[in-house]
Amino acid sequence: MSADLTFPHPHDLEAARIPARLDAAELRDLSRIEPWRAIRAIAAEWIGIAAAIAAASWAAHPLVTLLAVLFIGARQHALLVIAHDAAHFRLLPDRAWNDRVGNLFLSWPMFVSVQGFRHFHSAHHRFLNAEGDGNRLLWHTHDAAGGLAPEWRYPKTAAGLIGTILWRGAIWTGVWWMIRGIIGGFSYGMTAMERAARLVAMLIAVAALTGAGAWEGFLVFWVLPYCTWQVAIQYTRLICEHSNVQAAGLWADTRTTIPTPLEAWFVLPRGIGYHIEHHWYPSVPFYRLPDLHARLMRDPEFAANANVSGSVQRSLAQVIRRP
């Protein structure tokens, strides 16, 4: 590894906060954007959502509807994960089209915008775990004095952890996110034309739902998953990423969680668990994070010091206070 060669990215950490650096040629290769891979992932998530709705509608059984709600909530989370790449300008090479596609197919359906999320998330990267970290505003992780808010203080008891996640997944948090998004709470950085386009898109969606008489289906198969499972796994992911990371020094900034296959479908989709890797090298798109992880694991210092968990369950076990 080389300490003086980097592949620049607007959300890079200071080099001093990364214990080891890849050389520029290797990082450049890992950072290549392949638009077809992103488009294929977006299409797969939307096809999955449509299939779940069709299956639940055909079966008309409460258990199938419940499974569809969980599956759709996970796919909504996956859309936001891919939108996260758009916020880092890693979706498409052309930045204007990166934001247009990211908004239309990923962020706007989730009541946010690429630009609005970027406003908070870029600060999260630049000031990770310090004053100015965008998560402090977006997720209210800290109080006015700069200490962790009670909700984000770990370790907790197992009951406290489960209660926190269930409380957030009990509809009200999701409803607030929807209201905040609809009234423009994520319009930071958007031009007047982009705001107008977003309004037009919302009006078209309202007209389509009204014309098709599909409001009940929208509530069951979009709002309910959004306000329950999607919110619950968002908070679960955040806890895995930054809470009570058991490591020393700069290695304690974040944790990598490699999900089991089932967890990858329902909790941590599209490589979002490779969080140390992402914070060190935000220029690497989501579909190459496993390759980046494999490369870093060959470095003895990374392998010895990085907090890498082999499942969501193991990561959550690190934030539970033992009796």
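A helix, in the sense used here, is a DSSP run of H or I covering at least four residues, and helices are numbered from the N terminus. With that in hand, let's take a tour of this predicted model.

## The open spaces

Start with the largest pocket, which has a volume of about 730 Å³. Which helices each supply at least two residues of its lining? They are H2 (35-59), H4 (95-107), H8 (172-182), H9 (192-211) and H10 (215-242). H10 gives the most, with 7 residues. In total, 24 residues line this pocket, and Trp 108, Pro 109, Ala 205, Leu 209 and Phe 218 lie nearest its centre.

By class, the second largest pocket is lined by 6 nonpolar, 8 polar and 3 charged residues.

Now for the cavities. The count comes to 4 cavities of 30 Å³ or more. The largest cavity has a volume of about 400 Å³. It is lined by 28 residues, with Leu 80, Phe 117, Trp 139, Gln 234 and Arg 237 closest to its centre. H3, H5, H6, H8 and H10 each contribute at least two lining residues, and H10 has the largest share, with 6 residues. The classes here are 15 nonpolar, 10 polar and 3 charged.

Val 81, His 84, Asp 85, Arg 270, Gly 271, Ile 272, His 278, Phe 286 and Leu 289 line it. H3 supplies the largest share of that lining, 3 residues. Sorted by class, the lining has 4 nonpolar, 3 polar and 2 charged residues.

Here are the volumes side by side:

| Space | Volume |
|---|---|
| Largest pocket | about 730 Å³ |
| Largest cavity | about 400 Å³ |

## The packed parts

What about the nonpolar cores? The largest nonpolar core has 54 residues, and Leu 91 and Ile 239 touch the most other members. Two or more residues of this core come from each of H2, H3 (62-87), H4, H5 (114-126), H7 (158-168), H8, H10 and H15 (312-317). H10 turns up again with the largest share, 12 residues. There is also a second, separate core of 15 residues, and among them are Ile 18, Tyr 274, Trp 280 and Leu 289.

Zoom in on Leu 91. Leaving out residues up to four places away in sequence, Leu 91 touches several residues, including Ile 33, Pro 35, Ala 38, Ile 42, Ile 82 and Asp 85.

Phe 286, one of the residues lining the second largest cavity, sits in the loop between H12 (275-280) and H13 (289-297). Is Phe 286 buried or exposed? Its relative accessibility is 7%, so Phe 286 counts as buried. Beyond its neighbours within four places in sequence, Phe 286 is in contact with Ala 38, Ala 41, Ile 82, Asp 85 and Arg 270. Ala 38 is 248 residues away along the chain, yet the C-alpha atoms of Phe 286 and Ala 38 are separated by 8.7 Å.

A disulfide is a covalent bond between the sulfur atoms of two cysteines. The count of disulfides here is 0. Cys 227 is buried, at 2% relative accessible area, and Cys 240 is buried as well, at 3%.

Most residues other than glycine have a negative phi, and most peptide bonds are trans. Tyr 154 and Pro 155 are joined by a cis peptide bond, with omega about 10°, and Pro 155 lies in the loop between H6 and H7. Ala 60 has a positive phi, near 50°, and is found in the loop between H2 and H3. Phe 111 has a positive phi near 70° and belongs to the loop between H4 and H5. Which of these two is buried, and which is exposed? Ala 60 is exposed, with a relative accessible area of 62%, whereas Phe 111 is buried, at 11%.

Technical notes
Residues numbered from 1 in each chain as written. Predicted model: local features only at pLDDT ≥ 70, side-chain atom pairs only at ≥ 80, totals over all residues. Heavy atoms only, no water. 1 Å grid on protein atoms, 1.4 Å probe; cavity = no way out; pocket = protein on both sides within 12 Å on 5 of 7 lines; lining within 4 Å. Points joined across faces, edges and corners; volume = space filled by probe spheres on them. Nonpolar A, V, L, I, M, F, W, Y, C, P; charged D, E, K, R; others polar. Core = buried A, V, L, I, M, F, W, Y, C linked by side-chain atoms within 4.5 Å. Buried < 20%, exposed > 50% of the residue type's maximum accessible area, 1.4 Å probe, protein only. Contact = heavy atoms within 4.5 Å. Disulfide = S-S within 2.5 Å.
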